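Hi everyone, thanks for coming. Let me put a structure up on the screen and walk you through one part of it.

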Amino acid sequence: MPGTPAARVFPAGDTLDAVDLSVFFAGTGASSPSARRGLSATLLRAGGDRLLIDCGEGTQRQLVKSVGLPDLDAVFLTHLHADHWFGLPGMLKSFDLRDRSKPLEVYGPVGTKALLERVQPVFGRLGYPLDIEELDTDESLRFDEYRIKTFPTRHRGPSIGFQFVEDDRPGRFDAGEATRLGITPGPEFGQLQRGETVRGVEPSQVMGETRRGRRIVFTGDTRPSDATVVAAAGADLLVHEGTFASSEKDRAAETAHSTGAQAAQVAFDADVRLLAVTPIAARVHAGELEREVRGVFERAVVVRDFDEIELPLPDRGDPIHHRWSDRRRELAEAAGAGPAAERGAEPPGPSVETGAEQAEPAVPPEPVRSGI
Ligand SMILES: [Zn+2]
């Protein structure tokens, strides 16, 4: 149904100012939550838009205790295993309890509609419109300044990945050159910037090269695949699952998951600017997994709950990874608590988080069952 679920349509190419763009990891655990990791949920912040990719059990709690529960514009489900959507009914109800009125769109693969209709009695009647749209593996949704496109992933059951594709921006306008060519500052400048020829002066004479928009790719659960390499080619950020360590490569294949090293190979083949690995299984040591990942592809991080990746415009710098532990310390210091007070009084955030993930908490290994 290409085009049908388009959220808001604005003219393309009218974006001169860059929007703030970041990815916040609300939950980074696979299968079952651990003391350290909530289940899959990733918040994409693009200007004023708030899009959630996957919504594992406990996601609203994860958000409330970190950045707050935003008035989401849309939710995107990569597939329908419980650890990727089970947080949605409660969240839908919370939106209702706080008198949300604007519509919420939920996009997912085939089966999403039937699934949410089955659990509708859990959240009851909502005071706002809930639009559920099922997407195929090659669709494109138009938002104000970007598109969300789908691509096929290789998991068990219907599954899709999502690409965030920001509109390209016009090249820089050379006002000096335009004046030299006899153009009068004012409306004529605008005409040239919009691509119109003005008294024989063509836009290409006064405009620099088009600046490409930013791109982010989210896989959800998947085996490594060529389709992901194609979708992620040259992306600013690839968010790829890496549920298992290399020692469990066979298990990853059996369950249609990836190892961290396989995610890194996809990132290498796609030549992305940064790879963020999530989710990972509770029994996997994140520090060791990160070493495996970086052995294949250096520009990579294994993210933890509440980490954030900020994406400046490509010509203004590389993606920036903010550890939640650092951000939390900054917040505590900004609040006047200082490092000493921070240790005494629990700041917001997971109580077991430490700066270095060398010592995983003593949580029992979580068996990875077939339903993830
Ligand atoms: Zn799954």
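Let's begin with a pair of residues: Phe164 stands opposite Ile216, which belongs to strand β11. Please keep in mind that this is a predicted model.

Strand β10, residues 160–166, pairs with β11 in the antiparallel sense, and four bridges link the two. On to another partner, strand β12, residues 237–240: here the pairing with β11 is parallel, over three bridges.

Now, are the faces of β11 covered or open? Both are covered. In a regular strand, side chains alternate between the two faces of the sheet. In β11, residues 215–218, Arg215 and Val217 are on one side, Ile216 and Phe218 are on the other, and all of them are buried.

Let's step back to the sheet. It is an open sheet of seven strands in the order β8-β9-β10-β11-β12-β13-β15, and its pairing is mixed. At the edges you'll see β8 (140–142) and β15 (300–302); each has a single partner strand, so one side of each has no neighbour in the sheet. From one strand to the next, the twist averages 15 degrees. Helix α11, residues 286–296, lies across β13 and β15, running at about 160 degrees to β15.

Finally, the whole protein: 13 helices and 17 strands, with 40% of its 372 residues counted as buried.

Notes
Residues numbered from 1 in each chain as written. Predicted model: local features only at pLDDT ≥ 70, side-chain atom pairs only at ≥ 80, totals over all residues. Buried ≥ 20, exposed ≤ 12 C-beta atoms within 10 Å, placed from the backbone. Pairing = 2+ DSSP bridges. Axes fitted to C-alpha atoms, helices over the stretch in contact; angles between N-to-C directions. Contact = placed C-beta atoms within 7 Å.
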